[in-house]
Amino acid sequence: MNCYCTSQFNNDSDNCCHANELCKFSGDLSEVNVTPIYVQSVYDAVRFNMHGMRTVQNLHFSPCIPCGCTVTGINDIRIKRVFDPVNSGDCNNLTLEMETGITGAHFVNNSCGVVETIGPDGVPSEKMLYADSNECDSSGSGTPIFGTQNAKLYGNVMIYLDITLCDACGRETCATLSAELNIAKQNCPLVLSNFFELCMPNIENSAFLPRLTELANVGFNARLATNSVNRDICIGHNGDVTANLIITLCVAAEKKITVPVQLCVLSTGFANAPLKDNNFGNMSCPGLFPERTERTEKSDCLCNEYPPVTCC
């Protein structure tokens, strides 16, 4: 619920929401215009998966199950990464760090270390690259570079065990148990390694150096160690539940060589977020973006020039 007492929820009982629709197009091609944008182009990219495994014995789950009940089945095992938004540097937060080494090129350094530029994620996440490309420039080809990749994983995950309980009268019910598991400590992370090859563009006549940007994500799956409830689930006298599990993980990583470019794109207009007005009287409010002068004349080469701007 927002401060204007309106909701984007589907209905009153729905605790999830949908984003606003910011762009609409009537289908009339006369509304399509050409506009230039300054973005990053991906020159080359490579993607790979790295797999790992973690075995867990006698992991304690809570809450305790009622006395006299037995676990007759496992409906699902779910894993959620631990993250505390109040303290993003907490060592218990599941953290994936990428350590990359390059051969055939150099990361550009200054007095503070490797030069990093702002990436599409809005934070310094791209490393500037330099390579002697004379050998390949004469043939109009890119220069190959090689790298080693170490993905370091540490922190905790939450494991949810959806089980079926059976009481002494034979009645079944479903319940969910949870446990927090440490994948690895920060001073001794789980390390997965791989190698990759990328192609760097010719930078002889460029005003920019190419950048290396990295994307990575980790996913988890879990199962009973021997796929047997009787062998892998243990119930104590007071209803404590412990389990033996195998945790498999996959780190998906992508390396990109990016260069800044200026593109002309077809546009149906500029997006505006829907206004939730809460005016008192007839107060006028300012805009948020500079006004643009619309193109009034068609050009033979729209993509080689900017839209005209009126100045005084």
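Residues count as buried under 20% relative accessible area, exposed over 50%, and partly exposed in between. With that in hand, here are some close-up views of this predicted model.

Figure 1. Let us start with the overall picture. Of the 312 residues in the protein, 30% are buried. Among contacts with a separation of 6 or more, 78% are between residues 24 or more positions apart. The average pLDDT is 86, and 88% of the residues reach at least 70. Please take care with residues 1-7, where pLDDT stays under 50; for this stretch the model has seven contacts beyond four places in sequence.

**Figure 2. Arg-171 and Asp-167 form a salt bridge.** The N to O distance between the two side chains is 3.0 Å. Arg-171, with 55%, is exposed.

**Figure 3. A salt bridge links Arg-211 to Glu-126.** Here the side chains meet at 3.7 Å, N to O. Arg-211 belongs to strand S12 (residues 211-224) and Glu-126 to strand S8 (residues 124-130), so the pair ties together parts that are 85 residues apart in sequence. Both Arg-211 and Glu-126 are buried.

**Figure 4. Glu-214 meets Lys-255 in a salt bridge.** The closest N and O atoms of this pair are 2.4 Å apart. Glu-214 sits in strand S12 and Lys-255 in strand S14 (residues 241-267), so the contact ties together parts that are 41 residues apart in sequence. Lys-255 has 0% relative accessibility and therefore counts as buried.

**Figure 5. Phe-48 and Phe-196 make up the one aromatic pair of the structure.** A pair of aromatic rings is described by the distance of the centres and the angle of the planes. For Phe-48 and Phe-196 the centres are 6.4 Å apart and the planes lie at 15 degrees, so the pair is stacked. Phe-48 is in strand S1 (residues 33-61), while Phe-196 is in strand S11 (residues 190-200), so parts that are 148 residues apart in sequence are tied together. Phe-48 is buried, and Phe-196 is buried too.

**Figure 6. Lys-127 lies over the face of Phe-107.** In this view, look for the lysine at 5.1 Å from the ring centre.

**Figure 7. The side chain of Asn-244 reaches the backbone of Asn-58.** A polar atom of the Asn-244 side chain is 2.8 Å from the backbone nitrogen of Asn-58. Asn-244 is part of strand S14 and, at 18% relative accessibility, counts as buried. Beyond its neighbours within four places in sequence, Asn-244 has contacts that include Val-56, Gln-57, Arg-223 and Asp-232. Asn-58, for its part, lies in strand S1 and counts as exposed at 57% relative accessibility. Asn-58 also has a positive phi of about 55 degrees, although it is not a glycine.

**Figure 8. His-51 and Cys-250 come together from positions 199 residues apart along the chain.** Their C-alpha atoms are separated by 4.5 Å. His-51 lies in strand S1 and is exposed, with a relative accessible area of 59%. Not counting residues up to four places away in sequence, His-51 touches Leu-192, Leu-249 and Cys-250.

**Figure 9. Gln-262 and Val-39 are 223 residues apart in sequence.** In space, C-alpha to C-alpha, the two are 6.2 Å apart. Gln-262 is found in strand S14. With a relative accessible area of 48%, Gln-262 is partly exposed.

**Figure 10. Two backbone details: a cis peptide bond at Ser-62 and Pro-63, and a positive phi at Asn-227.** The bond joining Ser-62 to Pro-63 has an omega of about 0 degrees. Pro-63 sits in the loop between S1 and strand S2 (70-81). Asn-227 is not a glycine, yet its phi is about 60 degrees. You can find Asn-227 in the loop between S12 and helix H2 (229-232), where the residue is exposed, with a relative accessible area of 58%.

Key. Residues are numbered from 1 along each chain as its sequence is written. This is a predicted model: local features need pLDDT of at least 70, side-chain atom pairs count only at pLDDT 80 or more; totals for chains, interfaces and linings use all residues. Side-chain values use heavy atoms; hydrogens and water are left out. pLDDT is the predictor's confidence in each residue, from 0 to 100. Contact means heavy atoms within 4.5 Å. A salt bridge is a side-chain nitrogen of Lys or Arg within 4 Å of a carboxyl oxygen of Asp or Glu. Helices (H or I, at least four residues) and strands (E, at least two) are DSSP runs, numbered from the N terminus. Buried means under 20% relative accessible area, exposed over 50%, partly exposed in between (1.4 Å probe, protein chains only). Rings of Phe, Tyr and Trp (its six-membered ring) pair if their centres lie within 6.5 Å; planes under 30 degrees apart count as stacked, over 60 as edge-to-face and the rest as tilted. A charge sits over a ring if NZ of Lys or CZ of Arg is within 6 Å of the ring centre and within 35 degrees of the ring normal. A polar contact is a pair of N or O atoms within 3.5 Å; within protein, one must be able to donate a hydrogen and the other to accept it, and residues adjacent in sequence count only if both atoms are side-chain atoms.
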